[in-house]
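Hi there,

Here is the structure I promised to pass on to you.

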Amino acid sequence: MSLSSETRPCSRDRSLLAVLQVDWRNMIQHHETKDFELVIGEKEESIFVHRIVLIARCNKLREKLGQTKKKLVFKHLEVQAVKTILQYVYSAEIDVTNAVEITPLLMVSYEFGIPALRSYLLQCLELLITQDNVCKIQ
């Protein structure tokens, strides 16, 4: 007889998931263990990341990472949008409060291959768009 997760008292403890999430969020600060470079924007800013994290979380990057060992260049993406998306990639958390910031985030989520995040951002856009900010969204 199989028990559902609701009837198993020790199954899916949310506090354990929260600890895991904090640990992964902290990984973004472990600069000495980062092994891959993303070169972002027209000014070619370098952002160092953990290759394995990108492979695990970003469908399109997984393919590209198999073709290169050192770095990927995305001159058409905004640095702050990439940093925000990387925070999501590491922690599964993202804070979007402004409709204007969503377009660059959507571009990164598409380029990296994160469809669940893209869907979430589109929902946020629908909620945040107003007559006052619609012309500001690019």
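**The hairpin and its neighbours**

Strands S1 and S2 make a hairpin with four residues between them, and Gly41 in the turn has a positive phi of about 80°. Please keep in mind that this is a predicted model.

Phe36 has Val49 as its bridge partner in S2. On another side of the pairing, S1 goes with S3 in the parallel sense, over four bridges, and here Glu37 stands opposite Lys71.

S1 is mostly covered, with five of its five residues buried. Phe36, Leu38 and Ile40 point one way, while Glu37 and Val39 point the other way.

**Helix H5**

H5 spans residues 102–112 and is mostly covered too, as nine of its eleven residues are buried. Among them are Ile102, Leu105, Leu106, Val108 and Phe112. The buried residues of this helix pack against strands S1 and S3 as well as helices H3, H4 and H6. Just after H5 comes Gly113, which takes a positive phi of about 80°.

**Salt bridges**

- Lys75 pairs with Glu44, with the closest N and O atoms 2.8 Å apart. Lys75 lies in the loop between S3 and H4 and Glu44 in the loop between S1 and S2, so this pair ties together parts that are 31 residues apart in sequence. Both ends are partly exposed, Lys75 at 47% relative accessibility and Glu44 at 41%.
- Glu45 pairs with Lys83, the closest N and O atoms being 3.2 Å apart. Since Glu45 lies in strand S2 and Lys83 in helix H4, the pair ties together parts that are 38 residues apart in sequence. Glu45 is partly exposed at 32%, and Lys83 is partly exposed at 37%.
- Glu111 meets Lys64 at 3.1 Å, N to O. Glu111 lies in H5 and Lys64 in H3, so the pair ties together parts that are 47 residues apart in sequence. Glu111 counts as buried because its relative accessibility is 18%, under the 20% cut-off, whereas Lys64 is partly exposed at 29%.

Best wishes

How values were computed
Residues are numbered from 1 along each chain as its sequence is written. This is a predicted model: local features need pLDDT of at least 70, side-chain atom pairs count only at pLDDT 80 or more; totals for chains, interfaces and linings use all residues. Side-chain values use heavy atoms; hydrogens and water are left out. Buried means under 20% relative accessible area, exposed over 50%, partly exposed in between (1.4 Å probe, protein chains only). Helices (H or I, at least four residues) and strands (E, at least two) are DSSP runs, numbered from the N terminus. Contact means heavy atoms within 4.5 Å. Two strands pair if DSSP finds at least two bridges between them. A salt bridge is a side-chain nitrogen of Lys or Arg within 4 Å of a carboxyl oxygen of Asp or Glu.
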